[in-house]
Amino acid sequence: MSATRHADGVRVHHLEARLPVDGGWSAQAITRALDQAPWPDTGGETWRIRHLHVRLPSGGSGPAQLGAAAVAALQAGLRRGEVVRFASNGERIAALVAALADGRAAREWWWEGEPALASSGVAAAIASVLCEEPAELPRIIARLIGLRALDAVWRALDDGAVARILSALVVAGRLAADHPVLFTQREKREHARSGTTAGPAPGERQTTPAPWPTALLTPWRGQLARLAPDDARLHLIAVLLGGQARPHTLLAPPSAAHWTSIVAALVTENGVPPATSVVAPTREPPPVAAAPTARAEIAATAAVESAWWDWQTIASDHVGIVYLLNALRHPRLAVLAPAPDLHLWRAWARRRGLPAEDALAGWLDAQVRDLPSTPAQDEARAHAVDALEDAASALYGVECWNTQLIRARGCVRSDPTHLIAHLPLASVRLVLRQAGLDLDPGWMPTLGRVVRIVYHASHEALPSAAHGSPS
């Protein structure tokens, strides 16, 4: 019997049995016995089981004893090495992609039956696996780094595979459908001839992309030294890095010209001149464990993943600017700013009294640096802020909407997917609670993050480490 152990149970793909004619051994009875078996709790792990050699005790009367015997056989299989374990589906995806890249997948029994093995070509197979969970791509990339398989995977990709991955990111809500990275090569040429990608839009200010964090660039050094500026794989790297450090550039897309400068900065900040052609060096495939286990992979990638997954903590006396995001969700204010972006939040926070020297002001400045804005857009936002101020003052009243609104000492923890404000519970005034401004704003598409507000018993209980988990 071969089976696959999943978080939601054991799926038996093939069963061979030698059974007596009598004893109630119907297919339904066998299925029921296996469904009711006391399988061990795997805690979300994915198990690949090659064989379960189930032997019923002598004198066994029927399928009622099959479940317990199958569980005993599973434990024996673990001892014999006939079970491969992955901590999560993301671990499985990373291991399978690494095996596809260096040609091991067809030889390793635990990948038998994977649909990707039937794909026409390695690039298509890798893309199909990576597209299973596009929202988890950053963590999957971190695991590929730990497996020393990132270079081999990126060499195996082609334009078609990159296009498929980008499309999956759009469907998953991680990339805007009109992002310039989605232009095909033909569309790029057409836009270049029409002049729409030759430079900034009329009236758009020239901006210099913010430097990429060194910890994010380091694993990609080899690829950045080889890939040409127009290589689709280089643009995919920029998307993945953007999801880590600048998610707003993916969901509130920059102009095509500015996106090109963001991608070009990857090469120049890597300290090498832009490549003119792609050269795949000849070397042996990177060593990867033949039968990885979930615990071993977690240990191998933990340090790399924590370095590549960029947490940031900002201490501030004006954490209350997150209350403005809740105000923007009120129907009477939402009509005044139907598409609030980082520029608008920053402008409104300044109007509310956020000082330029506050750490949150500096963080907002860094966030909007890659979002070009025209003078006309700035003027429209200024008018929107005026209207929002008038409407909010009338809606919430002077007891709530006053100079104390954003003054709240705490910290904000930012990561590629979340913005979490931490505040002492005593700092929340009753009028804010009554107005509903203390609730979690939730998913904010134009910020590219889920925004939460977490309250603590005291100021001393607030997170204090400069880096770490944001929870």
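Trainee: How many salt bridges does a search of the whole structure find?
Mentor: Keep in mind that this is a predicted model, where local features need pLDDT of at least 70 and side-chain atom pairs count only at pLDDT 80 or more, while totals for chains, interfaces and linings use all residues. Residues are numbered from 1 along each chain as its sequence is written, and side-chain values use heavy atoms, with hydrogens and water left out. A salt bridge is a side-chain nitrogen of Lys or Arg within 4 Å of a carboxyl oxygen of Asp or Glu. With that criterion, the search of the whole structure gives 13.

Trainee: Which residue pairs with arginine 351 in a salt bridge?
Mentor: The closest N and O atoms of this pair are 2.7 Å apart. The two partners belong to distant parts of the chain, 35 residues apart, with arginine 351 in helix α17 and the other in helix α19; helices are DSSP runs of H or I with at least four residues, strands are E runs of at least two, and both are numbered from the N terminus. The partner is aspartate 386.

Trainee: Which residue does glutamate 389 meet in a salt bridge?
Mentor: The N to O distance is 3.0 Å. Glutamate 389 sits in helix α19 and its partner in the loop between α17 and α18 (359-368), so the pair ties together parts 37 residues apart in sequence. Both residues are buried. The partner is arginine 352.

Trainee: What distance does α19 reach from its first C-alpha to its last?
Mentor: Helix α19 covers residues 375-396, which is 22 residues. The expected span is 1.5 Å times one less than the number of residues. That gives an expected 32 Å, and the helix comes close to it, reaching 31 Å.

Trainee: How wide is the arc that the buried residues of α19 cover around the axis?
Mentor: Those residues are Arg381, Ala384, Val385, Leu388, Glu389, Ala392 and Tyr396. An α-helix has 3.6 residues a turn, so residues three or four places apart point the same way.

Trainee: Which exposed residues does the face of α19 turned away from its buried side carry?
Mentor: On the buried side, the cover includes α15 (322-328), α16 (331-334), α17 (342-351) and α20 (430-435), where contact means heavy atoms within 4.5 Å. The face turned away carries the exposed residues Ala376, His383, Asp390 and Ala394.

Trainee: Which residue has a positive phi of about 55° although it is not a glycine?
Mentor: Most residues other than glycine have a negative phi, and most peptide bonds are trans. The residue in question lies in the loop between α5 (137-146) and α6 (150-156), and is exposed at 55% relative accessible area. The residue is arginine 148.

Trainee: How many disulfides does a search of the whole structure find?
Mentor: A disulfide is a pair of cysteine sulfur atoms within 2.5 Å. Cysteine 131 counts as buried at 18% relative accessibility, and cysteine 400 counts as buried at 2%. The number of disulfides found is zero.

Definitions and conventions. Buried means under 20% relative accessible area, exposed over 50%, partly exposed in between (1.4 Å probe, protein chains only).
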